[in-house]
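Open the model in your viewer and follow along. Each stop gives you something to select and tells you what to look for there.

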Amino acid sequence: MGEQKSETEGYVGQSVRTIEGRAPVMGKATYTNDINFPGQLHAHILRSPHAAANIQSIDTSGAEKVAGVVRVVTGAQAAEHIDPIPHYIDPAVFGGRSASIRCLALDHVWCFGQPVAVVVAEDKRTARYAASRIVVDYEVTTPVIDSEDALKDDAPMVVPGWDANMIMQVPFGGGDVAQAFSSADRVIKTDVKVHRFSTQPIETRTYNGVYDAGTDSVTLYGTVQNPHPLRNVLSKILRMPENKIRVHAPVIGGAFGMKMHGHPEEGLVCFLSKLIGQPVKWVEDREECLLIGAREQVHSVELAVTKDGTILGLKDHYLANTGAPSSCPGWGMAFLTGLTMPGPYAVTNLDVQLSAVVTNKPGWNASRGYGKEVTALALELSVDNAARELGIDPVDMRMRNFIKKDQFPYDSPTGLIYDSGDYAGVMQKALDAIGYDEWKVKQEKAREEGRYLGIGVGFELTPEGGTLPGTFVAGYDSSTVRVAPDGSVRVLTGVTTPGSGNPTGIAQIVADELGVRLNTIEVVQGDTTTCPYGFGNSSGRSTIVGGGSAAKAAIEVREKIIKVAAALMEVDEESVSMKDGIIASGDKTIDLEEVCYACYTRAYDVGSVIEPPLEATAMFKPGLVRHTPNEKGQINPYPSYSNAAYVAISEVDVNTGEVKLLKFSVAHDCGNVINPILVEGQACGAIMFGIGAAMAENITFDENGRQLTKNFMDYVMPRIGDVPSIDLSHHDSPNPVNYKGLKGAGEAGVGGSAAAIVNSVNNALTPFGVMMTETPLTAPRVWSAIQAAKKAQPQRKVA
Amino acid sequence: MSLYPAFARPRDLGQAADIMGGLSTGAMIIAGGQEVMPSVNYGALMPEVYIDVGQISALKGIAEEDDGIHIGSSTVHRDVQDSEVIQSKIPLLSYAAAQIGGGMQVHNRGTIGGNIVSMHPLYDILPSLLALGAEFDVLRGDGETRVALADLMRDASHGLGSESLLVRIHLKPMTPGAGWSYEKLKITAGGYGSANAAAIVTLDGDKITSLRVVVGAVSALPIDISDALGGCRGQAWSDHLAEEIEEKASAEISEPLSDHQGDGDWRRAMAGVMARRAVEAAVEKAG
């Protein structure tokens with residue numbers, strides 16, 4: 001690995017190459033599907049072709065006759081051995097309706113694609129073929145597809161026995177909303193519809209359950225973001241104690257929240273392996289991966305504003321179509337959307353209400369942004385609409401309403417405590433980077449030539465490092481730092497990586513705190529047997545708490561090494577320094593390896609000043625979180641609040657509706673930066689997500705609730721050719737309580753960048769009076785909006 | 001449908017005809033595999049027998065003969081793009097072959113024959129071939145027959161049938177001085193085309209003397225709209241003519257596709273936009 005740091009400074013703050021990145025790039029990384037065991041079997045899941053149906057009978061005899069089939073299991077058969085999947089975030093804990101979720105449906109299916117039966121065979125193709133020979137007799141019932149329809153009085157119930165198609169209804173807000181609205185010059189309403197789109201890691205989910213009869217224990221090798229919490233979930237499903245279960249997560253090829261657990265297949269392969277006595281693997285195909293939804297919300301944002309653009313109050317009663325119940329933490333995204341209102345804006349009069357609706361679409365799982373991206377879309381599209389109505393510059397309107405940098409820590413009306421920020425400064429940096437005023441001139445000139453350029457801005461506040469009481473969404477984590485007798489370092493940490501580079505960030509921190517070279521550090525993650533208890537990867541937390549805890553452990557180990565080094569050199573401890581693996585006191589130096597060897601081997605003389613081994617485990621728990629409700633019953637689940645501003649320049653072909661992105665800028669505040677190139681990589685990735693969200697990625701259904709989107713021909717993610725050049729700048733306001741002032745850098749940007757794109761398209765089409773607030777802005781939709789506007793305003797001279 | 005497919009690799013056309021004649025349904029001809037293998041991997045296809053025609057030399061290569069240019073059906077897209085004969089005599093086809101999606105791998109493996117016989121509405125080769133008046137040599141059990149692409153597409157079955165093998169494509173060189181264009185509307189780099197048009201135009205001075213226009217990706221098969229645009233002959237390019245072409249092209253699309261690429265109204269409109277742009281670009285090149 002390259003050592004690119006400068007001579008004088010530490011590793012933190014430098015763009016060093018990732019220590020774990022080489023293997024995936026070279027095709028040498030071992031992913032879950034690369035692992036096979038003797039007697040490996042393969043599972044194929046038969047899924048419901050209906051959105052809602054009662055299962056009358058299942059005939060598995062045809063499948064069982066296929067040569068190579070080992071076992072066929074139905075939901076009823078599985079239920080004799082395994083229990084329902086505990087919820088990652090149980091709605092019941094928060095006063096909502098909670099459904100019982102099984103790995104295989106029992107007598108009723110509530111969405112297209114729900115697992116109904118499973119075939120285990122000697123190879124994958126045989127399992128798939130045999131599954132097609134299972135005959136299921138369904139009594140198809142009327143599904144509920146749309147969230148508004150789901151709330152009608154005569155709507156069929158998605159979950160038998162519930163009295164409403166609703167997980168919960170939650171109000172957020174405070175202040176005097178009525179007064180704000182009555183004293184406003186204008187109330188401007190914007191209906192924002194965010195469509196269903198997800199994340200699509202190139203490595204789909206894969207699980208391999210391996211039962212060991214000798215110890216009556218099971219190991220799950222899998223694409224798992226949170227191994228320790230999943231172990232607890234598996235213990236409940238499998239009726240086994242946690243000490244008989246190991247979860248091991250090899251290299252992950254992208255996760256984005258989708259590999260947080262609660263999926264039926266996790267427990268299923270473990271159960272099947274135990275039942276059959278051989279390892280059982282299941283690999284998700286792309287069609288199955290596309291079944292996991294997210295983000296579909298309908299907002300109706302009302303802004304009470306003065307003539308000069310000051311927002312006095314905000315109302316938004318919104319619906320989230322969370323699909324059928326799932327044990328995955330997806331539904332919580334809808335909650336976060338409301339909690340994060342009113343984002344970066346100093347609006348105290350707030351009336352926001354979530355209705356988390358269930359329908360017969362497949363359920364959600366966590367997706368990058370975790371609902372906060374929808375907050376950004378709803379707010380940023382509404383602010384642009386209001387600015388247009390008021391005839392003021394959208395940037396001016398934002399600058400007028402941003403929370404000022406001297407107002408932090410800031411108490412939001414929903415109970416959040418924003419740690420730090422300089423929103424106006426962040427926005428200004430993004431504008432300066434792209435040349436906002438120059439583009440306005442270019443836009444004027446282009447219009448004279450019949451070309452339609454658009455300039456759009458978006459802002460996203462992304463609370464990070466979240467923790468919810470009574471769930472495995474925990475705020476803290478732990479790490480062990482071990483230095484071997486040869487001086488090499490191993491960091492074992494409870495946080496995991498989805499491929500975003502956090503092991504390198506953690507290693508940079510440990511290298512500096514311990515005083516060793518980066519290339520002597522190995523980071524071990526993703527294993528419940530070897531790593532200290534931890535909560536894995538979510539909510540931009542891995543470097544905050546993984547890095548923070550590893551730093552504390554490294555400091556403890558360093559003290560031991562210094563003590564023994566001082567004894568060996570016969571000098572005062574205070575005079576000893578350690579940097580880059582060189583231990584010095586005055587003009588004396590001593591090799592790190594010599595000291596470490598002595599620590600282990602000379603416990604009765606020079607090493608007696610410490611307790612061997614050279615190892616420490618530490619925990620880092622960020623502050624600012626408040627789980628004890630305030631007088632309004634509100635909690636603050638987040639220690640830090642990353643934020644970023646985005647500017648998009650687009651050109652719209654008014655004949656076809658095509659949108660081409662010409663330029664993009666982002667200014668990003670994730671606190672102090674451990675590794676700029678990793679942060680920039682994440683920011684660019686988020687913009688790719690934003691482009692897909694704004695323009696193309698869409699999961700669609702027919703009128704019977706059958707999913708139409710099945711592969712990458714239907715679900716079109718942006719390619720590098722769709723991405724313009726991106727100007728990226730950092731604008732850091734460090735978190736006052738976190739280690740190194742970190743705020744989290746992996747999650748932010750999907751909504752802010754998508755909003756900037758949508759706003760740029762509307763800005764381009766201002767001469768037509770077009771204002772589109774329903775995503776995605778596909779070419780046919782943009783074209784239709786232009787056609788409709790032309791018809792509505794034939795007198796206007798355009799094009 | 002079989003879990004254990006057989007594999008046949010005929011060495012020449014005679015063997016291929018024998019094998020095809022001796023098999024029932026469930027046999028699948030495979031050459032570059034760019035059409036077949038994704039469907040097999042996806043589980044949508046489980047052929048009983050693969051007939052790999054990739055080793056038959058008679059199906060490969062580009063030759064200029066007295067009666068025109070012959071392209072073997074298993075000639076890969078890259079060779080169609082790079083062929084000097086095609087570039088100089090049928091530049092429209094060379095250009096269209098370069099617009100095929102899927103990247104370098106598909107261009108290097110995929111064959112012109114595979115692209116044709118899949119009769120996929122969104123693919124890039126058929127519109128140009130139709131505009132160029134292509135003819136095919138097709139092998140059936142009883143020997144080769146020559147069939148015009150235009151006739152093949154009027155056939156309700158839209159294809160060659162599983163008992164036939166596309167051997168080669170016959171094309172006449174384009175008229176020297178003819179202008180041509182292939183316009184493809186592709187909204188994102190990773191997506192399929194949403195509408196396209198191939199145009200070949202000859203001019204006398206600035207007046208259009210002949211015009212062939214085919215629009216694709218907007219209906220189940222490409223549509224030759226040359227007759228509908230017959231009135232353009234004798235006219236010079238103008239804004240008025242552009243509008244007329246756009247309107248007439250759209251009007252020819254009676255059953256537009258409506259899919260993930262876009263709804264029918266838009267597709268119909270885009271057929272017009274692509275036809276207009278293709279003719280405009282062809283007129284510019286002509287002369």
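A salt bridge is a side-chain nitrogen of Lys or Arg within 4 Å of a carboxyl oxygen of Asp or Glu. Keep that cut-off in mind for the first stop. Note too that this is a predicted model.

**Stop 1: a buried charge**

Select A:Asp419. This residue sits in the loop between β17 (417–418) and α13 (423–434) of chain A. Which side chain of opposite charge is nearest to A:Asp419? The nearest one is A:Lys743, 4.2 Å away. The cut-off is 4 Å, so A:Asp419 has no salt bridge, although A:Asp419 is buried. Now show A:Ser420. The side chains of A:Asp419 and A:Ser420 make a polar contact at 2.7 Å. Leaving out residues up to four places away in sequence, A:Asp419 touches several residues, including A:Phe408, A:Pro409, A:Tyr641 and A:Lys743.

**Stop 2: the nonpolar cores**

Step back one residue and select A:Tyr418. In the largest nonpolar core, A:Leu238, A:Leu354 and A:Tyr418 are the residues with the most contacts inside it. That core has 115 residues. It draws at least three residues from each of domain 2 (32–141 + 201–289) and domain 3 (297–468 + 628–792) of chain A. A second, separate core has 48 residues, among them A:Val523, A:Ile583, A:Ile610 and A:Ile674. Back at A:Tyr418, set aside neighbours within four places in sequence. The contacts of A:Tyr418 then include A:Thr340, A:Ile403, A:Phe408, A:Leu461 and A:Tyr641.

**Stop 3: the domains**

Colour chain A by domain. Domain 1 covers 22–30 + 476–620, domain 2 covers 32–141 + 201–289, and domain 3 covers 297–468 + 628–792. How many Å separate the centres of domain 1 and domain 2 of chain A? Taken over C-alpha atoms, the separation is 38 Å. Their contact takes 19 residues from domain 1 of chain A and 20 residues from domain 2 of chain A.

Switch to chain B. Its assignment gives domain 1 (6–52), domain 2 (60–171) and domain 3 (179–285). The centres of domain 1 and domain 3 of chain B are 36 Å apart, again over C-alpha atoms.

**Stop 4: two cis bonds**

Return to chain A and select A:Met341 with A:Pro342. The peptide bond between them is cis, with omega near -5°. A:Pro342 is in the loop between α10 (332–339) and β15 (349–357) of chain A. Now select A:Thr775 and A:Pro776. Their peptide bond is cis, with omega near -5°. Find A:Pro776 in the loop between α19 (750–764) and α20 (779–792) of chain A.

**Stop 5: positive phi**

Select A:Tyr370. This residue is not a glycine, yet its phi is positive, about 40°. A:Tyr370 lies in the loop between β15 and α11 (372–390) of chain A. Is A:Tyr370 buried or exposed? A:Tyr370 is buried, with a relative accessible area of 13%.

Then go to A:Leu624. Phi of A:Leu624 is near 70°, a positive value in a residue other than glycine. Its place is the loop between β25 (615–620) and β26 (640–653) of chain A. A:Leu624 is partly exposed, because its relative accessible area is 25%.

**Last stop: a loop methionine**

Select A:Met717, in the loop between α18 (676–695) and β28 (725–730) of chain A. A:Met717 counts as buried because its relative accessible area is 17%. Beyond neighbours within four places in sequence, A:Met717 contacts A:Gln200, A:Glu697 and A:Phe712. A:Met717 and A:Leu765 are 48 residues apart in sequence and 24 Å apart in space, C-alpha to C-alpha.

Key:
Residues numbered from 1 in each chain as written. Chains lettered and ligands numbered in written order. Predicted model: local features only at pLDDT ≥ 70, side-chain atom pairs only at ≥ 80, totals over all residues. Heavy atoms only, no water. Helix = DSSP H or I, 4+ residues; strand = E, 2+ residues; numbered from the N terminus. Buried < 20%, exposed > 50% of the residue type's maximum accessible area, 1.4 Å probe, protein only. Lys, Arg positive; Asp, Glu negative; His and termini not counted. Polar contact = N/O pair within 3.5 Å; in protein donor to acceptor, adjacent residues only side chain to side chain. Contact = heavy atoms within 4.5 Å. Domains from an automatic or database assignment. Core = buried A, V, L, I, M, F, W, Y, C linked by side-chain atoms within 4.5 Å.
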